[in-house]
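Dear colleague,

Please find below the sequence and the structure that I am handing over to you. My account of what was found follows directly after them.

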Amino acid sequence: MKKIFIAFLSVLAFTVNAQAQKKSGAIQFETIIDPIAVAEASGRQIPEQMRARMPKSIKSNYELLYNATNASYMPVTETEDSNSGGGPGGGMRFGGGFGGGNREYYYTFADQKVVEVFDMMDTTYVMPTKLTVASINQFGGGNGGRNNNQSNNAVQFLDVPPVVDIIKSDETKKIVGIDCKKVTIKTTRKAKVLDMDKDVVDETVLWYTNDLGFNFSPMPNFWTEGAVLAIEIKGGGTTAKSIEYRNVGNKDVTAPKKAIAITQEQYQAKQAAMMARFRNNNGNRQGATGRVN
């Protein structure tokens with residue numbers, strides 16, 4: 001009886017230790033998109049000459065490091081595209097999942113805080129964000145994160161708040177050996193398509209799990225619950241490809257202290273100022289060319 005009890009304690013200790021080890025690790029993610037399909041999903045018409053220059057696919061790799069309290073998510077390799085023979089992609093980057101540039105995200109589990117770290121004008125900024133469901137698809141579907149009333153070749157979105165529906169499903173699948181549940185984010189926007197009133201519908205599929213014990217998404221604007229291990233959109237997606245349970249130090253999952261804090265409003269103002277300078281400089285160059293001719 002004593003031997004049985006000791007064996008039971010050994011099994012229990014092994015189980016507890018195994019569970020403790022799963023509180024820390026690294027998950028490798030891969031993003032693959034078809035830029036033409038993404039553009040067309042947003043209603044943009046791509047000229048044939050531009051199509052010929054665009055890659056058929058763009059692949060990026062990312063790593064999520066996590067421990068019991070924090071996590072970080074960042075790109076780990078150069079973007080690759082199908083027109084470059086498998087080498088670094090020709091200047092097109094889709095960091096932070098798809099559409100955020102070469103950015104890093106840091107997650108604090110206790111208070112559910114998320115910060116975004118990025119470089120702009122030779123300065124490193126840290127900006128607070130949050131896990132939420134965005135009303136505008138920032139991956140490129142729908143209006144691709146543009147203002148609702150901004151028009152493109154075929155679609156003009158009206159200045160009407162979109163309708164967002166969260167559709168849960170009983171469907172499940174394993175991703176890196178972890179059981180994941182399916183949820184669909186359906187966004188419906190009012191638009192004029194070729195001068196006709198239409199409802200433009202976007203659907204983004206998330207596969208998430210609560211087994212990891214923390215909340216996370218490769219794109220914080222697309223999250224409903226748990227840790228999202230896959231995101232599917234028109235023209236591509238991001239999927240966890242492997243997981244390794246190992247020790248992760250706090251320094252690897254903590255945002256850099258030297259970064260300058262910036263709010264969403266300040267960031268948007270800086271972007272607007274940069275675009276205004278770009279348009280002004282471009283106009284001056286065209287005017288100068290006109291005078292020479």
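**Findings**

Arg189 is buried, because its relative accessible area is 2%, under the cut-off of 20%. Please bear in mind that this is a predicted model. Arg189 is part of strand β10. Its side chain makes a polar contact of 2.7 Å with the side chain of Asp202.

**The nonpolar cores**

The largest nonpolar core consists of 37 residues, and Phe29, Leu64, Tyr107 and Leu229 have the most contacts inside it. At least two residues of this core are supplied by each of the strands β1 (25-33), β2 (58-66), β3 (70-75), β5 (104-108), β10 (178-193), β11 (196-209) and β12 (227-233). Strand β12 gives the largest share of the core, namely six residues.

Which residues is Leu64 in contact with, once its neighbours within four places in sequence are left aside? They are Gly25, Ala26, Ile27, Phe29, Ala71, Ser72, Tyr73, Phe214 and Phe216.

**Aromatic residues**

How many aromatic pairs does the structure hold? There are nine. In one of them, the ring centres of Phe29 and Tyr73 are 5.5 Å apart and the ring planes stand at 85 degrees, so this pair is edge-to-face. Since Phe29 belongs to strand β1 and Tyr73 to strand β3, the pair ties together parts that are 44 residues apart in sequence. Phe29 counts as buried because its relative accessibility is 2%, and Tyr73 counts as buried because its relative accessibility is 0%.

A second example is the pair of Tyr66 and Phe214, which is tilted, with 4.9 Å from centre to centre and 40 degrees between the planes. Tyr66 lies in strand β2, whereas Phe214 lies in the loop between β11 and β12, so this pair ties together parts that are 148 residues apart in sequence. Tyr66 and Phe214 are both buried.

One aromatic cluster is formed by Phe29, Tyr62, Tyr73, Tyr107 and Phe216. A charged residue also meets a ring: Arg103 lies over the face of Phe118, at 4.2 Å from the ring centre.

Most residues other than glycine have a negative phi. Is Asp122 buried or exposed? Asp122 is exposed, because its relative accessible area is 86%, which is over the cut-off of 50%.

Val176 is not a glycine either, and its phi is positive, at about 45 degrees. Val176 is found in the loop between β9 (163-175) and β10. With a relative accessible area of 22%, Val176 is partly exposed, as this value falls between the cut-offs of 20% and 50%.

Yours sincerely,

A colleague

Terms used: Residues numbered from 1 in each chain as written. Predicted model: local features only at pLDDT ≥ 70, side-chain atom pairs only at ≥ 80, totals over all residues. Heavy atoms only, no water. Core = buried A, V, L, I, M, F, W, Y, C linked by side-chain atoms within 4.5 Å. Buried < 20%, exposed > 50% of the residue type's maximum accessible area, 1.4 Å probe, protein only. Helix = DSSP H or I, 4+ residues; strand = E, 2+ residues; numbered from the N terminus. Contact = heavy atoms within 4.5 Å. Polar contact = N/O pair within 3.5 Å; in protein donor to acceptor, adjacent residues only side chain to side chain. Phe/Tyr/Trp six-rings, centres within 6.5 Å; stacked < 30°, edge-to-face > 60°. Lys NZ or Arg CZ within 6 Å of the ring centre and 35° of its normal.
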